[in-house]
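Dear colleague,

Please find the structure below. A summary of the findings follows it.

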Amino acid sequence: MLDIYNLSRNWFNWSFENPDIVKPNHTALYFFCIEYCNRLGWKEKFGLPTTMAMEAIGIKSYNTYKKTLDEIVSFGFIQMIET
């Protein structure tokens with residue numbers, strides 16, 4: 001079972017192993033996703049409101065947000081389900 005502590009630990013273990021690719025935006029967005037999921041009661045699937053996420057972590061550019069999200073997905077920390 002993953003809890004907030006283990007999600008955080010896994011992220012930072014991975015970050016230390018990959019300092020050449022991890023950026024502050026990745027950490028901010030990943031932890032916003034964890035916080036948002038927690039607020040939703042740990043739903044297995046949930047939508048991530050783009051504007052809310054961008055405002056919460058201070059990203060102004062949609063392209064930066066999309067690139068950051070896509071990279072977190074490619075790192076294997078988030079699974080994207082498109083309907």
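**Findings**

Thr-68 is buried, with a relative accessible area of 5%; buried here means under 20% relative accessible area, exposed over 50%, and partly exposed in between (1.4 Å probe, protein chains only). This is a predicted model, in which local features need pLDDT of at least 70 and side-chain atom pairs count only at pLDDT 80 or more, while totals for chains, interfaces and linings use all residues. Residues are numbered from 1 along each chain as its sequence is written, and side-chain values use heavy atoms, with hydrogens and water left out.

Thr-68 belongs to helix 4, residues 62-75. Beyond its neighbours within four places in sequence, Thr-68 makes contact with Asn-25, His-26, Leu-29 and Ile-59 (contact: heavy atoms within 4.5 Å).

As to the fold, the chain contains four helices and zero strands, in the order α-α-α-α along the sequence. Helices (H or I, at least four residues) and strands (E, at least two) are DSSP runs, numbered from the N terminus.

Of the 83 residues in the chain, 27% are buried. Where contacts link residues at least 6 apart in sequence, 44% of them join residues at least 24 apart. Along the principal axes, the C-alpha atoms fill a box of roughly 30 × 30 × 25 Å. The chain has a radius of gyration of 12 Å, which agrees with the value near 12 Å for a compact globule of 83 residues; the radius is taken over C-alpha atoms, and the globule rule is 2.2 Å times the number of residues to the power 0.38.

Yours sincerely
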